[in-house]
Amino acid sequence: MKSGMMEHALNNDTNYLNDGTTLRSWLLTTDHKRIGILYMLSITFFFFIGGAAAVLFRLELMTPRGDMLSPDAYNKLFSLHGIVMVWFFLIPAVPNVLGNFLIPLMIGARDLAFPRLNLASWYIFMAGGLFTLLVIIIGGVDTGWTFYTPYSSTYANTYVILAATGIFINGFSSIATGLNFIVTIHLLRAPGMIWFRLPLFVWTMYATSLIMVLATPVLAVALALIAVERIFHVGIFDPAIGGDPLLFQHLFWFYSHPAVYIMILPGMGVVSEIVPCFARKPLFGYTFVAMSSLAIASLGFLVWGHHMFVSGQSVYAGLIFSLLSMLVAIPSAIKVFNWTATLYKGTIFLKTPMLYALGFIGLFTIGGLTGICLATLAFDIHVHDTYFIIAHFHYVMVGGMVMAYLGGIHFWWPKMTGKMYNEWLGRINALIVFLGFNLAFFPQFILGYLGNPRRYHVYPDEFQVFHVMSSLGASILGVGYVLPLFYLIWSYKFGRSSGQNPWHARGVEWEAASPPIKHNFYEVPVVDYPAYDYPPAGPDFTMSEGELEPTSPEQPQRRITSSHGT
Amino acid sequence: MSHSTTIEVALPFDDAQQQRSAAILGMWIFLATEILFFGGLFVGYAVYRYEYFEAFREGSHEMSVVGGGLMTAVLLIGSLLVAISDHAIEEASADIDQRKLRRRLGGYLGATTLLGVAFLSMEFYEYYELIHKGLFPGPGFDASSFPASVRDTQTIQMYFTLFFCMTGLHALHMVIGISLVGGMAVLLSRSEHPQRYANLLTGIGLYWHFVDVIWIFLYPLFYLVR
Ligand SMILES: [Cu+2]
């Protein structure tokens with residue numbers, strides 16, 4: 001491992017990975033890059049726990065009858081899948097792994113503003129996660145990830161309070177991370193790194209952090225009130241003693257709709273980095289894309305009622321929420337159009353990260369457009385609580401966010417490890433994920449439209465063919481998620497050195513060594529150029545033997561302060 | 001800054017001024033999360049007050065306006081003392097008599113701690129009285145002393161549920177605040193260079209003021225509006 005790193009850390013062979021190799025040096029680190037790696041390992045663990053639950057219930061759904069799982073076990077499994085995937089994978093995925101690792105590198109800082117708070121956030125995250133796992137081991141919870149009252153507060157006889165506690169604890173980790181990012185982006189930008197030179201990934205992280213900080217406490221109080229109701233037998237949400245069960249739905253979705261954007265904005269940020277690099281063009285409409293992130297974050301707080309169209313809320317509220325929900329489509333479409341415009345007449349290199357990014361654009365568009373369908377009152381009433389909903393949000397969260405996360409991991413893997421994975425395996429895997437995903441979830445649109453409700457482990461016989469397709473697709477998807485585990489670890493151990501900047505990307509993070517040294521830069525970079533300053537005219541690269549090769553030997557050089565560039 | 005020489009600048013920062021800005025911005029963002037946290041409960045209050053205004057009127061008659069007013073006064077005096085300490089540590093020049101500064105800060109913050117304890121004692125006494133009257137919500141709630149309109153529907157319980165939830169959460173914040181301010185009183189009265197802790201004191205001060213402001217809203221909602 002050491003010999004491989006000698007090549008690109010010219011001054012000496014220390015970098016953040018080998019600067020201290022004891023377990024203690026990792027568990028007590030305050031280096032944002034190491035904390036990012038700690039998060040990466042932990043969310044991968046949780047991802048496979050949540051995935052295992054999905055394997056079990058997809059297996060059950062191969063036949064129309066309940067032949068493998070009891071109804072209770074089925075309920076507990078989909079609740080487990082939702083809770084773990086939402087709070088312990090999707091929400092921390094890009095922010096806490098890539099955001100932690102990249103924000104200081106991208107803005108030219110030595111670390112996040114509060115390094116110890118950053119480490120504390122990881123411990124809080126692990127405490128919340130392990131607590132939730134403990135709940136699963138002792139018996140689980142069957143309320144679904146939404147904890148709807150009065151079922152969760154009055155009737156459920158599973159471990160509701162404990163599960164809520166795990167999520168409550170985890171919320172502090174989200175808040176700490178969001179707070180840290182906001183302060184860092186405000187105060188620690190390198191000289192010359194003005195707001196409108198920030199990479200769009202940083203803009204989306206900023207918007208995401210605002211949501212994390214402002215929405216998470218409302219979830220916390222909603223869950224706390226469920227606990228209070230169960231412990232003291234009072235009637236906050238129990239209609240029998242004057243409570244209003246809808247109040248819970250309002251509080252829950254006031255958090256959980258914005259949380260949907262915690263789960264997609266970071267993915268949009270990743271795609272905004274990958275697309276210009278592999279189209280060799282500046283990102284089209286930078287300002288619009290940057291502002292659309294803030295628009296999504298702020299509009300996102302005003303649309304929660306679209307989850308409650310059939311709950312009995314006033315029709316006028318329904319109308320307004322429907323209209324506002326459709327408005328969110330505008331900033332989302334701005335992003336999709338600008339990525340597409342960036343591709344237009346670009347010199348496109350279909351490397352692994354780009355395949356994921358293109359997959360994201362297509363699948364997110366399907367997820368987004370079906371979202372507009374669902375924001376339409378009449379259509380929503382037809383498909384409410386059916387598989388159509390499941391398909392819609394999996395297109396956004398799995399087709400969107402997980403694709404973006406994998407794309408980001410492949411894009412910055414050389415930055416994180418200094419190693420290059422096998423490009424062909426990477427490309428084939430991106431294809432497996434894309435195909436498996438569509439086979440798993442497209443049939444669910446049809447199922448939902450035909451009226452198959454979600455959250456049942458039995459269904460009418462005529463739906464079986466779609467369920468079998470879906471389960472098959474899920475198993476292909478599973479392969480696509482396990483494979484990178486092997487080839488990425490293999491590349492870390494035995495892969496060839498990637499060099500400092502294998503994609504010839506223009507972001508500030510690529511001016512640090514790969515992997516970076518402990519405090520990122522030998523000298524603080526000075527930024528006197530815009531983001532994505534890819535040469536505007538003509539292709540500056542060709543692909544030779546699968547590698548990006550400059551067409552002219554003289555590439556525009558940054559006035560980097562030290563001499564270790566490749 | 002006059003005392004920048006005595007402050008160790010943490011790694012990610014260029015200078016003491018930047019570090020101070022970060023500390024204060026971080027604290028304000030944290031307080032924003034706290035506002036949203038209490039916000040959920042205030043929304044609950046708004047909803048149920050609108051639905052059951054009669055119950056809220058009956059419930060508030062059980063509260064002692066004078067006692068609540070006294071509690072408010074105690075908190076506000078504490079806030080004033082924290083503000084004075086923050087000002088003192090900010091304005092003190094490097095060559096000031098450190099012994100005198102230590103004594104002043106220790107005195108102000110020690111007094112604030114005692115006022116905080118006094119507030120909690122009064123609040124817990126009020127809890128004790130309400131529980132004694134059978135007004136703690138739950139299966140043991142005794143609604144017999146209320147008019148039939150709010151008794152038979154059990155809506156009167158909602159007032160007390162919210163009262164105990166909201167003031168209880170506030171009391172929890174008070175406990176944290178008292179520990180922090182008390183800890184600062186001890187730390188600063190023993191420190192060689194109290195000014196090294198100026199950022200910490202400002203942050204804790206902001207938190208203390210925030211907890212007071214929450215009470216400024218709770219007092220009228222539960223005591224004054226009848
Ligand atoms: Cu929503």
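How many salt bridges are counted between chain A and chain B? The count is one, a salt bridge being a side-chain nitrogen of Lys or Arg within 4 Å of a carboxyl oxygen of Asp or Glu. Welcome to a predicted model, in which local features need pLDDT of at least 70, side-chain atom pairs count only at pLDDT 80 or more, and totals for chains, interfaces and linings use all residues. Residues are numbered from 1 along each chain as its sequence is written, chains are lettered from A and ligands numbered from 1 in the order in which they are written, and side-chain values use heavy atoms, with hydrogens and water left out.

**View 1. Chain A meets chain B.** Here 35 residues of chain A are in contact with 33 residues of chain B (heavy atoms within 4.5 Å). The salt bridge joins Asp14(B) to Arg110(A), with the closest N and O atoms 2.7 Å apart. On the side of chain A that touches chain B, helix 7 (160–187), helix 8 (200–232) and helix 9 (245–262) each supply at least two residues; helices are DSSP runs (H or I) of at least four residues, strands (E) of at least two, numbered from the N terminus. Helix 8 of chain A gives the most, with nine residues.

**View 2. Three histidines hold the copper ion as donors.** His257(A) (ND1), His306(A) (NE2) and His307(A) (NE2) lie 1.7 to 2.0 Å from the copper ion. Donors are N, O and S atoms within 2.8 Å of the metal (3.2 Å for Na, K and Ca); water is not among the atoms, so sites may look incomplete. His257(A) sits in helix 9 of chain A, and His307(A), 50 residues apart from it, in the loop between helix 11 (286–299) and helix 12 (315–343). His257(A) counts as buried because its relative accessibility is 6%, while His307(A), at 22%, is partly exposed. Buried means under 20% relative accessible area, exposed over 50%, and partly exposed in between (1.4 Å probe, protein chains only).

View 3. Arg427(A) pairs with Glu423(A), their closest N and O atoms being 2.9 Å apart. The two residues are four apart in this helix, about one turn. Arg427(A) is buried at 15%, as is Glu423(A) at 14%.

**View 4. A salt bridge between Arg506(A) and Asp533(A).** Their side chains meet at 3.2 Å, N to O. Both residues lie in the loop between strand 2 (496–497) and strand 3 (541–544) of chain A, so the pair ties together parts 27 residues apart in sequence. Arg506(A) and Asp533(A) are both buried.
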